[in-house]
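Subject: Handing over a structure, with notes

Dear colleague,

I am passing on to you the structure that follows, so that you can look at it yourself before reading my notes.

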Amino acid sequence: MAIAAVTVALAPAPALAAPAEEEVDCTKVKCVALTFDDGPGKYAGTLLDTLKKYDAKATFFLEGQYVKSRPSYVKRMAAEGHELGNHSYKHPDFTKLTAPAIRSEIQRTNDEIKKAAGVEPKLLRPPYGMSDLTTSEVAAEFGMPIILWTGGSADWSSKNEEAIKKQTLKVAKQNSIVLMHDWVKQTVDAMPSIIRTLQKNGYHLVKVSDIVKHENLKAGDTFPLPEGWDK
């Protein structure tokens, strides 16, 4: 089995440096965290324009190789109050790597993000959401909890604007963490409508750290636990 049992007991993840903003208490208001993997993609600028227009926050799980090639997007993400997470350097399956190789993937990405934006990621999302005890142990070394998702947009599969909107709204519920990708043009095109609909329905678009703040996550813990994992 690639996935190992992990006990959840998360300590609040420290917030990344960002502009002063009003804190959202997701125990009192409806919250959804939109997360974007594999970026920054080439449409990230348009996505950031949309998020800014609607005063929405997001979490970007970034690949080091693209941070290196598109550092200006990463700098802007941090400057505009979004959360930056680590998604490896070149997107390998961590369950097939040794601890030193996983450590290198995480460290190289952290270094590129720090260089581009002046902040260090506090959250890890392994490629494909694949994790095991070794991954958890290495994540703990970096002081990072592992963040998966409660539902996905299936944007990488459908690449259809209406399908992405429908699926995202279907899985966007109270305190959900939604998986999306900013390299999918149809996702970026659908975002204005998705955000307007969620906000109309009373949701605040927040960072992952806002959602998990009260989960007592510790470094190396996984949230949410995949179905079948021990709790």
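Below is what was found in it, from the whole chain down to single residues.

This is a predicted model, in which local features need a pLDDT of at least 70 and side-chain atom pairs count only at pLDDT 80 or more, while totals for chains, interfaces and linings use all residues. Residues are numbered from 1 along each chain as its sequence is written, and side-chain values use heavy atoms, with hydrogens and water left out.

The protein chain has an average pLDDT (the predictor's confidence in each residue, from 0 to 100) of 91, and 88% of its residues score at least 70. Over residues 1-20, however, the pLDDT is below 50, although this stretch has 58 contacts in the model beyond near neighbours in sequence, where contact means heavy atoms within 4.5 Å.

The protein chain holds nine helices and eight strands, taken as DSSP runs (H or I over at least four residues for helices, E over at least two for strands) and numbered from the N terminus. Of its 231 residues, 51% count as buried, that is, under 20% relative accessible area, with exposed meaning over 50% and partly exposed in between (1.4 Å probe, protein chains only). Among contacts between residues at least 6 apart in sequence, 79% join residues at least 24 apart.

A nonpolar core is a set of buried Ala, Val, Leu, Ile, Met, Phe, Trp, Tyr and Cys residues joined through side-chain atoms within 4.5 Å. The largest one has 34 residues, and those with the most contacts inside it are Phe60 and Leu84. Its largest share, six residues, comes from helix α8 (residues 185-200). Apart from this core lies another, of 13 residues, including Cys31, Ala33, Val206 and Ile211. Ser153 lies in the loop between β5 (151-152) and α6 (155-158) and is buried, with a relative accessible area of 1%; not counting residues up to four places away in sequence, Ser153 touches Ile164, Gln167, Thr168, Val178, Leu179 and Met180. Lys42, in the loop between β1 (30-39) and α1 (44-53), is exposed, with a relative accessible area of 55%, and beyond its neighbours within four places in sequence Lys42 is in contact with Arg70 and Tyr73.

With best wishes
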